[in-house]
Amino acid sequence: MPRWDDKDRTMLAKIRAKSGLSMEKAAILMGITSRTLARYENGVNDVPMGIAEKMTSLYNVPFEDIRQAVISTKKKGNYHDQQRHKYF
């Protein structure tokens, strides 16, 4: 499996990696699949509030960091629908 350069990662992926968790391990601890986590990290799916709170706890970062990472991912144009802001 190819490794991403840090510059290629979204902010959510960078936060997760900095916490020392692999995508697979983080997904298991959050009770979701690694595919679902990848979709959150890439801005394909909205991050539900409950998952954002789990990220805060698992990654040991303030909630605001997760919120800003989600907003940053949306602004990069990775989102299918820029008008959907149900959660953040």
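**Helix packing and the nonpolar core**

In this predicted model, helix 1, which spans residues 11-18, packs against helix 3, residues 34-41, at an angle of about 125°, and the axes of the two helices lie 8 Å apart. That angle makes helix 1 oblique to helix 3. The contact joins L12, A13 and R16 of helix 1 to L37, Y40 and E41 of helix 3, and its residues divide into four nonpolar and two charged, with no polar residue among them.

**Helix packing and the nonpolar core**

In this predicted model, helix 1, which spans residues 11-18, packs with helix 3, residues 34-41, at an angle of about 125°, and the axes of the two helices lie 8 Å apart. That angle makes helix 1 oblique to helix 3. The contact brings L12, A13 and R16 of helix 1 to L37, Y40 and E41 of helix 3, and its residues divide into four nonpolar and two charged, with no polar residue.

Of its 88 residues, 40% are buried. Among contacts with a separation of 6 or more, 54% are made by residues 24 or more positions apart.

Within helix 1, the buried residues are L12, A13, I15 and R16. Around the helix axis these residues cover an arc of only 160°, which puts them on the same side of helix 1. R16, a member of this helix, is buried with a relative accessible area of 7%. When residues up to four places away in sequence are not counted, R16 touches L21, S22, M23, A26, L37, E41 and Y59; of these, L37 and E41 belong to the helix 3 side of the contact described above. Helix 1 is followed by G20, whose phi is positive, near 90°.

The largest nonpolar core holds 20 residues, of which M30, L37, V47, M55, Y59 and I66 touch the most other members. Two or more residues are given to this core by each of helix 1, helix 2 (23-30), helix 3, helix 4 (49-59) and helix 5 (63-78). As a general background, nonpolar side chains in soluble globular proteins tend to be buried together.

Helix 4 has five residues listed as buried, namely I51, A52, M55, T56 and Y59. Viewed down the axis of helix 4, the buried residues fall within an arc of 150°, so they line one face of the helix. The C-alpha atom of M49 is separated by 9.7 Å from that of R67, a residue 18 positions away along the chain.

After helix 4 comes N60, which is found in the loop between helix 4 and helix 5. The phi of N60 is near 55°, a positive value in a residue other than glycine. With a relative accessible area of 70%, N60 is exposed, whereas Y59 in helix 4 is buried.

Methods:
Residues are numbered from 1 along each chain as its sequence is written. This is a predicted model: local features need pLDDT of at least 70, side-chain atom pairs count only at pLDDT 80 or more; totals for chains, interfaces and linings use all residues. Side-chain values use heavy atoms; hydrogens and water are left out. Axes are lines fitted to C-alpha atoms, for helices over the stretch in contact, and angles run from 0 to 180 degrees between N-to-C directions. Helices (H or I, at least four residues) and strands (E, at least two) are DSSP runs, numbered from the N terminus. Angles under 35 degrees count as roughly parallel, over 145 as roughly antiparallel, 65 to 115 as roughly perpendicular and the rest as oblique. Contact means heavy atoms within 4.5 Å. Ala, Val, Leu, Ile, Met, Phe, Trp, Tyr, Cys and Pro count as nonpolar, Asp, Glu, Lys and Arg as charged, and the others, Gly among them, as polar. A nonpolar core is a set of buried Ala, Val, Leu, Ile, Met, Phe, Trp, Tyr and Cys residues joined through side-chain atoms within 4.5 Å. Buried means under 20% relative accessible area, exposed over 50%, partly exposed in between (1.4 Å probe, protein chains only). The arc is that of the directions from the helix axis to the C-beta atoms.
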